[in-house]
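Let's walk through this structure together, starting where its parts meet. Have the sequence and the 3D view open as you read.

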Amino acid sequence: MKILEDILSQDVNKIWSASCKIRHIRDTKILNLLAAQIPQILRATDGIQMGASEVHLSSALKKLNFVERNNEVSSEKRLCFCELYLTDIFYSPIEEEKLGYVEINEVQNIPWNEKYQCICRACKQYFHVDAREYHYTWFEWTKK
Ligand SMILES: [Zn+2]
């Protein structure tokens, strides 16, 4: 699997690219395959100077740990993928809507700080999202 090869490659750009892809995958077969490789990923990325891409790798690992944890509990205790929005500032509500995961109900176009109201299409949880500008745009998601 290309994503797995990339994240194990010890090449910063490939690790970054694979990590960003993992952020948006919801296919449980692929996620389970990747989650089974967490120890290998940790070993392969240990000591690699990721710089600004570090946050993407740690978000990818957080997601794979989330997948693993979900697999260990009974189905009614499984958390929805939207829980990850609370801990990863790179989930754009616009992109999530394009992927069909959320529906944006309201946008407030405040310069430098757009605000969104949206709902997870899977579990119907409402979110308030603040878009913030620093050297890049990031998003702060809170449950409503
Ligand atoms: Zn949800």
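On the side of domain 1 that touches domain 2, the elements giving two or more residues are α2 (12-24) and α5 (54-72). Helices here are DSSP runs (H or I, at least four residues), numbered from the N terminus. The most comes from α5, with 5 residues. By type, the residues of this side of domain 1 divide into 1 nonpolar, 3 polar and 4 charged, with Ala, Val, Leu, Ile, Met, Phe, Trp, Tyr, Cys and Pro counted as nonpolar, Asp, Glu, Lys and Arg as charged, and the others, Gly among them, as polar.

Before going on, please keep in mind that this is a predicted model, in which local features need pLDDT of at least 70 and side-chain atom pairs count only at pLDDT 80 or more, while totals for chains, interfaces and linings use all residues. Residues are numbered from 1 along each chain as its sequence is written, and side-chain values use heavy atoms, with hydrogens and water left out.

The domains themselves span 2-77 for domain 1 and 85-143 for domain 2, with bounds from an automatic or database domain assignment. Their centres, taken over C-alpha atoms, are 22 Å apart. In contact (heavy atoms within 4.5 Å) are 8 residues of domain 1 and 9 residues of domain 2. Between them about 810 Å² is buried, 50% of it from carbon and sulfur atoms; this is the accessible area (1.4 Å probe) that two parts lose on being put together, summed over both. In domain 1, Arg 23, His 24 and Arg 26 lose the most area to domain 2, together 69% of what that side buries.

The interface also holds 2 salt bridges, each a side-chain nitrogen of Lys or Arg within 4 Å of a carboxyl oxygen of Asp or Glu.

Finally, look at Asn 65, in helix α5. Asn 65 counts as partly exposed because its relative accessibility is 34%, between the limits for buried (under 20%) and exposed (over 50%), with a 1.4 Å probe and protein chains only.
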